[in-house]
Amino acid sequence: MQFFPSTCFTYKDNQLHCEEVSITDIVRQTGTPTYIYSKKYFETAYKEFDDAFHEIPHKIFYAAKSNFNLSVIKTFLQLGSGVDVNSEGELYRALKAGAKPGNLILTSVGKTKNEIKLGLEHDVLMIKAESEEEIYLINEIAASMNKVARVAIRVNPDVDAKTHPYISTGLSENKFGVDRETALRIFRMQNELKNIKFTGIDMHIGSQITSISPFVEAVEKLANLFFILKKEGIELKHFDIGGGIGIQYKDEKTFSIKEYAAAILPILKSLNCEIIFEPGRYLTANAGILVTEVLYTKKNQNKNFVVVDAAMTDLLRPSIYGAYHHIQPIKVDATKEKITADVVGPVCESGDFLAKKRNIQKSEHGDLLAIMSAGAYGMVMASNYNARRRPAEILVDGNKISVIRGRETFDHLLFDEQEALK
Ligand code: LLP
C-alpha cells in the first residue's frame, strides 16, 4: 500500500490531516461523504504556475469547470486569476464569486443565443467561437445590442494529446474548434463582420496530458497561424493555449510547470502578445480529497468488497474513465493486515466503484477512507441518482475550517417538484 505524496494532506500521529486540521475532526462535524480542500494547495499551485511565466505578459483564467464552488472560484480571483466559463451557469457562478467584466472568457462548443448575449452584456474579455455558424450568430447578436464582440477562434490543431479518448479534444475527429483552413477563412472575413473584432486565437487539446510534446506541437501550429494572420494585417492581442496539464494520480510520470514553461516559452516570447492559460485540474485536483465511511466489508467467493458511503454519484471519474484515485485510510494502523479489495458504493450499478483490486489496509464498519486527488472534476460531476444527496464541501485554511457548501437536504431535491406536494 502506498500513500499519496502530498504537501497539504499529511499524517500526524498516524491520522490524516489537511493542513493543520485532522480529517476525523472535520467529518465528525460534517458527516460523510465530504469533499475537503486545502486553500494552501490552491494558492501554491496558482503562484507556481504564474511565476513560471513571469517573463512574458500572460494571464491565467482558472477553468471553473474543474471545481465551480463559489469559494474556490473566489480563492483564485483573489490571487489575481480570471475565470474561464463554459456555460451560463458557470458565468453566473463566476459573477457571484466576484469576477469583474474583462476577467472572464466564454468557452463552449455549443453556446446558446442567451449565453452569447450574456457574454456580451457582461463584457467578457473574449468569446471563443468554435464554428463559422457561431461567428455569424455572434455578429448578429452583437449588432442587435449595438456592440462589437471581442472574439477568439478556437483552432483544432489536430494533435494527439495521448490521453483518455473522452478527454482528448485536439484531434480532427473531435468536435472541438475548427480546422486550420476554416480558421484562416473566418479570420479573413474580419472586414465583413462589422460587429466582431478578432482579438485572439485559441486551442485546448485535451485534459490530463502527461507529456509536453503535444503542447509544443500544438503551440507551434497555432503560432504559425498567428504569424500568417499578422502578415495579413490581422493583429491578435491574445494567444490562448487552454489547459490540460496532467497531474499525478498514481505513478504517472508528469512534468513540472517549470519544464512546461521552458519548453514553450521560446515560441510564446516570439509572439509579442498576451498569453492566456486556462488550467483547471493542475490547480485543483490534488487540492482535494473525498472522505467516505466504510459501511460493510464482505467476501463474495474469493473477492473482497469494501462497501462505502460514497458512490459514483459523488465521484464519477472511476466509473466513466476507469480513472485511478488513490485510496488510503484516515487512520493508519500498521498492525492491520493488507487486503486486495474493490471499493464500491451503495448505488444499484456494477459500474459504481471507486477502486478495483486495490491493495488497502483492512478496514471495518465505521472506518474512514480518503479518496485522493478528488479536487478536480469531482463535486462538479456529482449527481442525485438514487435520490442521493450530493456531498458537503469544506475548505481548510491553516487551522480554520469553512463549510463552503452544506450537504444537500432531501427538500433541496424536491425543490422543483412542488406540483405533487400541493
Ligand atoms: N479549457 C477548456 C476549453 C476546457 O475544455 C478544459 C477542460 C480546460 C480548459 C481545463 O482543462 P484542465 O486543465 O482541467 O485539464 N471530466 C474530465 C475532464 C474534462 C475536461 C474538460 N475540459 C475528467 O474528469 O478527467
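Begin at S373, which sits in the loop joining β18 (368-371) to β19 (392-397). Bear in mind throughout that this is a predicted model. Check the backbone of S373: phi is near 55°, a positive value in a residue that is not glycine. Then show the surface. S373 counts as buried because its relative accessible area is 2%, and the cut-off for buried is under 20%.

**Another positive phi**

Select E19. Its phi is near 50°, again positive in a residue other than glycine. E19 belongs to the loop between β2 (15-18) and β3 (21-22). Buried or exposed, is E19? E19 is buried, at a relative accessible area of 10%.

**A cis peptide bond**

Move to T32 and P33. The peptide bond from T32 to P33 is cis, and omega is near -10°. P33 lies in the loop that runs between α1 (23-30) and β4 (34-38).

**Zoom out**

Now display the whole chain as a cartoon. How many helices and strands does the protein have? There are 12 helices and 20 strands. Along the principal axes, the C-alpha atoms fill a box of roughly 70 × 60 × 40 Å. The radius of gyration is 23 Å; a compact globule of 422 residues would come near 22 Å, so the two agree. Colour by burial next: 57% of the 422 residues count as buried.

**Salt bridges in the strands**

Side chains of opposite charge can pair when their charged atoms come close. The structure holds 20 salt bridges. Select K128 and D84. They form a salt bridge, with the closest N and O atoms 3.3 Å apart. K128 is in strand β8 (residues 126-129) and D84 in strand β6 (residues 82-85), so this pair ties together parts 44 residues apart in sequence. Both K128 and D84 are buried.

Next, pick E130 and R154. What joins E130 to R154? The pair forms a salt bridge, and its closest N and O atoms are 3.2 Å apart. E130 lies in the loop between β8 and α6 (132-144), and R154 in strand β9, so the bridge ties together parts 24 residues apart in sequence. E130 is buried at a relative accessible area of 4%. R154 also counts as buried, at 5%.

Jump to E408 and R405. Their side chains meet in a salt bridge, 3.6 Å from N to O. Compare the cover on each partner. E408 counts as buried at 7% relative accessibility.

**Last stop: a charged patch**

Switch to the surface and select D158, D160, E173, D179, E217 and E220. These residues form a negative surface patch. Where in the chain is D158? D158 falls in the loop between β9 (149-154) and α7 (180-187). At a relative accessible area of 38%, D158 is partly exposed.

Technical notes. Residues numbered from 1 in each chain as written. Predicted model: local features only at pLDDT ≥ 70, side-chain atom pairs only at ≥ 80, totals over all residues. Heavy atoms only, no water. Patch = residues over 30% accessible without salt bridge, like charges linked within 9 Å, V, L, I, M, F, W, Y side chains within 5 Å. Areas by Shrake-Rupley, 256 points an atom, 1.4 Å probe, with all protein chains shown as cover. Salt bridge = Lys/Arg side-chain N within 4 Å of Asp/Glu carboxyl O. Lys, Arg positive; Asp, Glu negative; His and termini not counted. Charge placed at Lys NZ, Arg CZ, Asp CG, Glu CD. Helix = DSSP H or I, 4+ residues; strand = E, 2+ residues; numbered from the N terminus. Buried < 20%, exposed > 50% of the residue type's maximum accessible area, 1.4 Å probe, protein only. Rg over C-alpha atoms; globule rule 2.2 N^0.38 Å.
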